[in-house]
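Here's a quick briefing to read alongside the sequence and the 3D view. Have a look at the fold, then run through the notes below.

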Amino acid sequence: MFSAISASSVRKRGAARLAAAVLVSGLVAMGSVAGAGAATADEVPQHQGGAAATLDGLKTYDGAVLHSDGKDQQLPAGLFEMTVDGGGKLKTYCIDIHNPTQDQAKYLETPWNQTSLGANKNAGKIRWILEHSYPQIDDLSALAQSAKTGPLTEKTAAAGTQVAIWRYSDSADVDASDPAAEKLADWLEKSAQDAAEPKASLTLEPGAVSGKAGEKLGPITVRTDAAGVTVTPPADAASGVRITDKDGAPVTTAANGTQLYFDVPSDASDGTASLGVQATTSVPVGRAFAGVTKSQTQILAGSSESTVSATATGTWAEQGAIPAVTAQKNCAAGGVDITAANKGDEPFVFDLKGTEYSVPAGESKTITVPVGEDEAYDFTITGPAGFTQNFKGVLDCLTTSDSGPVTQQESSQPLPASAGGSSAAATDNLAATGSSSATPVIAGVAIALVVLGGGAVFLLRKKNAAASSAPGE
């Protein structure tokens, strides 16, 4: 269930009030922006919806040997576990062998094309391996018989599966230490076939819409593999904004393909509102999970019934520019796409990284901001009347072996926290590598602000004397 925080309504040409919208442990808080002045977006990692989780560490593993630069590195290989915000557990494998995990790293369900899988021609084979091995196949006797490995344990089955995945995710020269696990890895590698990317557990498309008061803003389409989702309306009931279908009938539940609209009264003060959708479902095997900060990318091997959620925003005004601004990683172009749509009757003029852009009335424009691999980005859009919106995150589109030399990261935990993160230096024992306590400051903000897909949308009023006197938040 979602909780809500609302912003006070003010006069149509009064000062802006920014509604705080936060996600705390899977609970989406929604608000509105009323009035004509500036609005400052919360600095949130962009997320298209789905599951958000915290890494608990490597739980079921055995040994493996990585052969690199003529040296052998022993390292753990197996299954990680994550705890889902709002409830649920995930099991994942690593798809970035050289990159360490971060302690208690925050992860977001992410489309393949926003990770290293997007450019990996063998991504489909990795999904096939996940579907045909442990833990999806939990009858270890049957799995051993199919692969002709001899007896398997949970640990050796997990290790063999991870090794097979690494061979496709990282093109790694890696072997399982246990003979049965090695036979399983060889069988999975040889048998793997292409499989399609699984659909997202839950998203809203697009994440932001805009228009004039008196109209239905949308459609916003629900995309989910859940049987049904709960729709939470805007928190500020006094605004009179409702969530409806195209015919104006109120909507409180939805399914895959349902189209939602913000039904805005004609006398509504200029502002912004949010809707939320939430479901409890098993996240599809093969979904990628990317770190909010730089941390080893994971791929889903199994899910309990877990909380998934998404939000979208609608912005309306009587006149002037009415923008809806979203951001999305673009691995193919090596940057972040900023898309600004303007449903108003004046151009939306804004500054992005020192360059001015203009979106004519009734049109939209996408600008790709270049970002280096593994680089944290943090940039702000500014416009007239104090309009401000911030976007931040990390572009992680390649495996570490694709982008530079491997460095050693010693674990701060008593047990290995990662099935990767090894250096090329040879060691004699199972390396407790791959974890770092130097996690960037994300716990307070990222945990609270993780599912506001594409960022919040805020109102820009006409350029006039009243707007110039409006205070920024």
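In the protein chain of this predicted model, 71% of the contacts (heavy atoms within 4.5 Å) between residues at least 6 apart in sequence join residues at least 24 apart. The chain has seven helices and 28 strands; these are DSSP runs numbered from the N terminus, with at least four residues (H or I) for a helix and at least two (E) for a strand.

**Ground rules**
- Residues are numbered from 1 along each chain as its sequence is written, and side-chain values use heavy atoms, leaving out hydrogens and water.
- As the model is predicted, local features need pLDDT of at least 70 and side-chain atom pairs pLDDT 80 or more, while totals for chains, interfaces and linings use all residues.

- Of the 473 residues in the protein chain, 57% are buried (under 20% relative accessible area, 1.4 Å probe, protein chains only).

**A three-stranded sheet**
- S21, S22 and S25 line up in that order as an open, antiparallel sheet; strands pair if DSSP finds at least two bridges between them.
- The edge strands, S21 (323–330) and S25 (364–370), each pair on one side only.
- Eight antiparallel bridges join S21 to S22 (residues 335–342), and Ala-324 has Ala-341 in S22 as its bridge partner.

**Aromatic rings**
- The whole structure holds three aromatic pairs (Phe, Tyr or Trp ring centres within 6.5 Å, with Trp counted by its six-membered ring).
- Phe-348 and Phe-350 are stacked (planes under 30 degrees apart), because their ring centres lie 5.0 Å apart with planes at 25°.
- Phe-348 is buried at 0% relative accessibility, and Phe-350 is buried at 2%.
- Ring pairs also tie Phe-348, Phe-350 and Tyr-357 into a cluster.

Notes. Buried < 20%, exposed > 50% of the residue type's maximum accessible area, 1.4 Å probe, protein only. Phe/Tyr/Trp six-rings, centres within 6.5 Å; stacked < 30°, edge-to-face > 60°.
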